[in-house]
Amino acid sequence: MRKSTVSYLTMAAFAALTMAGATANDSAAQTRSTQAEKAPIQLKIMKPAKPPREPGRGAGKPSSKPRPGPDGQPDSGPDTPSQLANLVVIPFYNNPHGLPQGFPEHSYCKKNPAGGAPVQIKFWIRNAGGSDSGAFQWTPSFPNSGAAPAKIVANVPANGQVLITQGIPNGCYTPGFNATCQFSISLDDHDEVEEWSEANSVSNFCVGPAG
């Protein structure tokens, strides 16, 4: 009887230990599962790479518009990228003798072959735009003598020019010491040309001999 009792007790103790171990394993597994569920999921968002920037349209392209040469053509004046016409007045002379403004060959005043005060002005009408001008009217004006008759130019091609020689009317020069003749030139009086800029009028003067 004692041996049976001991055996039963031993078996009962072994069963209790086995059940305790299984319960402990189940508890640990459940704890790990709970921690895994509670752990936040971290996602790393990758931004797509930006494509390389292409150079702007027309970048680095040199201007194809020619410049006037030194062979008597005007060597200065506004250039415009516009496709419209752009009429401007350019003086014929570039003051080769270093004289004061208004003297012969300073800018507009042509030297009188007979001596004395200049009797003509000389200039270019230039089209600094990208389209032909078509026909237009221009008017020279001399305040001391009134306006001269208006003139018609048939056409000035894009980036081209026409040479104008205009006579100075009698009575333009003021009397006295260093007489002066004021004048102005107005292009496209009737706005017949569609232009990039309407600033196409100039004023200047010629100086007569002293005395």
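Q: Among contacts in the chain between residues at least 6 apart in sequence, what share joins residues at least 24 apart?
A: Good place to start! In this predicted model, 64% of those contacts join residues at least 24 apart in sequence. A contact here means heavy atoms within 4.5 Å.

Q: What makes up the chain, in terms of helices and strands?
A: The chain has one helix and eight strands. Reading from the N terminus, the order is α-β-β-β-β-β-β-β-β.

Q: How many residues does the chain have, and what part of them is buried?
A: There are 211 residues, and 27% of them are buried. The accessible surface of the chain comes to about 14,200 Å², and carbon and sulfur atoms account for 58% of it.

Q: Why is Asn-204 called buried?
A: Let's set the value against the cut-off. Asn-204 has a relative accessible area of 10%, and buried means under 20%. Asn-204 therefore counts as buried. You can find Asn-204 in strand β8, which covers residues 201-207.

Q: What makes the link between the side chains of Asn-204 and Gln-101 a polar contact?
A: A polar contact needs a pair of N or O atoms within 3.5 Å, one able to donate a hydrogen and the other to accept it. The side chains of Asn-204 and Gln-101 are joined at 3.4 Å, so the distance passes the cut-off. Leaving aside residues up to four places away in sequence, Asn-204 touches Gln-101, Ser-107, Tyr-108, Cys-181, Gln-182 and Phe-183.

Q: How do you know that Cys-109 and Cys-206 form a disulfide?
A: Their sulfur atoms are 2.0 Å apart, and the rule asks for sulfur atoms within 2.5 Å. The pair therefore qualifies as a disulfide. Cys-109 sits in the loop between β1 and β2 while Cys-206 belongs to strand β8, so the link ties together parts 97 residues apart in sequence. The angle about the S-S bond is -105°, and the link is left-handed.

Q: Are Cys-109 and Cys-206 buried or exposed?
A: Cys-109 has a relative accessible area of 0%, and Cys-206 is also at 0%. Buried means under 20%, so both Cys-109 and Cys-206 are buried.

Q: What makes the pair Cys-172 and Cys-181 a disulfide?
A: The S to S distance is 1.8 Å. Since the cut-off is 2.5 Å, this pair counts too, because 1.8 Å falls within the limit. The torsion about the S-S bond of Cys-172 and Cys-181 is about 80°, so this disulfide is right-handed. Both Cys-172 and Cys-181 are buried.

Q: Why do β1 and β6 stand at the edges of their sheet?
A: Three strands form an open sheet in the order β1-β2-β6, with antiparallel pairing. β1 (87-91) and β6 (161-167) each have a single partner strand, so one side of each is left without a neighbour in the sheet. The twist averages 30° from one strand to the next.

Q: How do you know that β2 and β6 pair?
A: Pairing asks for at least two bridges between two strands. Seven bridges join β2 (residues 120-127) to β6, so β2 and β6 count as paired. These two strands run antiparallel. As one example to look up, Ile-121 has Gln-166 in β6 as its bridge partner.

How values were computed
Residues numbered from 1 in each chain as written. Predicted model: local features only at pLDDT ≥ 70, side-chain atom pairs only at ≥ 80, totals over all residues. Heavy atoms only, no water. Helix = DSSP H or I, 4+ residues; strand = E, 2+ residues; numbered from the N terminus. Buried < 20%, exposed > 50% of the residue type's maximum accessible area, 1.4 Å probe, protein only. Areas by Shrake-Rupley, 256 points an atom, 1.4 Å probe, with all protein chains shown as cover. Axes fitted to C-alpha atoms, helices over the stretch in contact; angles between N-to-C directions.
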